[in-house]
Amino acid sequence: MTRKAPAEDPGDARLRVGPPKDHAAGIPAVTSSLRHAGTQMGARRGLLTLLRVNQKDGFDCPGCAWPEPEHRHRAEFCENGAKAVAEEATLRRVTPEFFAEHSLEELAGRSDYWLGQQGRLTHPVYRPAGSDHYRPISWEDAFAVVARELAALDHPDQAAFYTSGRASNEAAFVYQLFVRMLGTNNLPDCSNMCHESSGSALVETIGIGKGSVSLEDLHEADLILVVGQNPGTNHPRMLSALERAKQRGARVIAVNPLPEAGLLRFKNPQRPSGIVGGGTQLADLFLQIRLGGDQALFQAFNRLLLEAEDDAPGTVLDTSFITSHTHGFEAFAEHARKTSWEDVLEATGLSVDAIGVAFREVLAAEKIVVCWAMGLTQHRHSVPTIRDVVNFLLLRGNIGRPGAGLCPVRGHSNVQGDRTMGIHEKPGEDFLDALAAEFGFEPPRHHGHDAVETIRAMRDGRVKVFVGLGGNFVAAAPDTEVTEQALRGCRLTVQISTKLNRSHAVTGEQALILPCLGRTEADLRPSGPQLVTVEDSMGMVHLSRGRLAPASDRLRSEVAIICGMARAALGARAATSAVPAGQVPWEEFEADYDRIRDRIARVIPGFEDFNERVRRPGGFTLPHPPRDERRFTTATGRANFTVNPLDILRVPEGRLLLQTLRSHDQYNTTIYGLDDRYRGIHQGRRVLFVHEDDLAARGLADGDLVDIVSEYEDGVERRAPAFRTVAFPTPRGCCAAYFPETNVLVPLDSTAAISNTPTSKSVVVRLERAAGV
């Protein structure tokens, strides 16, 4: 039975605000999961599907990249994972008749929530130049459109190929291979907008752009710092890992601008105590830090550690580790000792006593893990901040030993795997050499465009074709009006997608929507059912097996779509290209994904015997030299201490510092519903969380309607109109609102140094009463 989505677009007409919660999960999480599953999938089908999520013989959750434990619960999913599965496995359908009924102009005026609720895409569709409607197109004709427009480019760098973190390893590998055989490294991805700062800092300091801990390390830690992260909403299964660590005696410090329910108390729905009891208090200490103040906090910790070692030589620092495995300690220590307490207090908004209490926890712990997410990665000084986190752990040898290390908690379920597969605009020479040797062509060596540079290039007419492998580029990108204008200036935009989203309504002169299979669905080829693989945020690679019947018999897998485009595009230019299309067996790859994995095994270190090892229960863990051997493949051959000037985010008088964030009914740009029950928001999203004293200072009160106006050095006024103020315990001078609604306020050119990540967590804004109020 096909179920229709609600026709209405409720917006914020029924918005109401209540008190925030003091705990996460529990019975409400169970009922919410079952309600979403039943509404979208049907009760019985929904329950059976959820029981396959994250199981060794099931499919990987299409939500976050948190790893699975060795011993898995029968219900190994969280509330937001259930919502993600329900959205993908929905019975609602978007057919060609839908596009005949709804024009692009109408779709562009709908909310992100309404667009997502319409259901699964069923047919490839094409928007011809000059038309305001998509119309059905055959797969062969769709590939011919792509081939024609790519062939018409003056240079391959006039095309850009975006990737969402939900693409499988196999799809990502053939995608980057196709793109490089075309002759470009324009491979922007969602990492550019989220965790690029983590990779930039970690490659420089420890030699690999990945975290250094396993799930067992988290369980064995003495102290876990959760910094700039809201696991209760963004990575809920992490709460179970923190609960287990607490049961083993770990202490937890939460460092965040907002109090988050999941870090206050966790009611684990898999335990009786989480249903009828009080649950587990996770955070032993909550440091409510000012936006962007995390670097100052870690610099304070580093100074205090050095001083404690001075007071008791040989008892605080791991001098043997520092001597044997690190570089640059003397210069770092000289700089750290000069850290100004006045600057620290201004940057953090914390008191000396609060920092002292936290430092006593640090001093009492031998094994420390630092976890972080986008609260650290989306500031102008994000890379220096993460370098100082590395400095903090290096001082006591807390990298490369059990129960300790670096834990960047990434978002999409295979965002780390995509980078491992070569989705990178700045590929390493070793990877390109291996690709050339395996496939007999010379890949481009010049750097390509990241996400921000791609928007600039489209805006300036230097990129004319945009292809998106999954995701919702328009809603994920900064400076919404600039991004939309840039895409509309393209000759062709192509979206490979499962569901309708904003990027389908904002198109180039021509546009294609190519509908693909989801993680939940069986991928049947003449050679048999196909399996894909993913890499979690801790470097474990495992299989994912879809079981549901596809939403339409017109769907193709991501791999099949990419191989079809490659055959058409490379074939069209074979006569004039130095790269013969026949070097890559695209038909063989499309027919049997084992053949792709054979090639991955020969190109990418750590994937030897890929097909055999990944079929072992639970898969296998990729090598990580710092974690496995305390070996650091940096330029110095050691882990690098760094010297980082302190960056204090100062705002003009009367202004606030805004962070964009997710609601609880949201994962990245996908809006599952209009509630954020942990923060007390119901049936609406256009809200601005502000301290009551900051409201009063501006002559405003809780519930007033305001326009949020961002201020940046380019002098351009960016405005997000009609937000309801919500008095909330934010740090003074700081405020928060949901993205993508406030992405319009993030200037395209306001990016982190080195990583070029948009500064979505530190936007200077002023508030104006909404027009007519």
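The model is predicted: local features need pLDDT of at least 70, side-chain atom pairs count only at pLDDT 80 or more, and totals for chains, interfaces and linings use all residues. Residues are numbered from 1 along each chain as its sequence is written, and side-chain values use heavy atoms, without hydrogens and water.

**Exercise 1.** Find the order of the five strands in the open sheet.

Solution. 
- Strands are DSSP runs (E, at least two residues), numbered from the N terminus. Two strands pair if DSSP finds at least two bridges between them.
- The order is S12-S9-S8-S14-S15, with parallel pairing.
- S12 (285-288) and S15 (405-408) are the edge strands, each pairing on one side only.
- S9 (residues 251-256) pairs with S12 over four bridges. Alanine 254 stands opposite phenylalanine 286 in S12.

**Exercise 2.** Which strands does helix H15 lie across?

Solution. 
- Helices are DSSP runs too (H or I, at least four residues).
- Angles run from 0 to 180 degrees between N-to-C directions, with axes fitted to C-alpha atoms, for helices over the stretch in contact (heavy atoms within 4.5 Å).
- H15 (residues 294-311) lies across S8 (223-227), S9, S12 and S14, at about 155° to S8.

**Exercise 3.** How many residues has the largest nonpolar core?

Solution. 
- A nonpolar core is a set of buried (under 20% relative accessible area, 1.4 Å probe, protein chains only) Ala, Val, Leu, Ile, Met, Phe, Trp, Tyr and Cys residues joined through side-chain atoms within 4.5 Å.
- The largest has 66 residues. Leu150, Phe161, Phe178 and Trp586 have the most contacts inside it.
- Helix H8 (residues 169-182) gives the largest share, 10 residues.
- Another core, of 54 residues, lies apart and includes Leu297 and Phe301.

Definitions and conventions
Buried means under 20% relative accessible area, exposed over 50%, partly exposed in between (1.4 Å probe, protein chains only).
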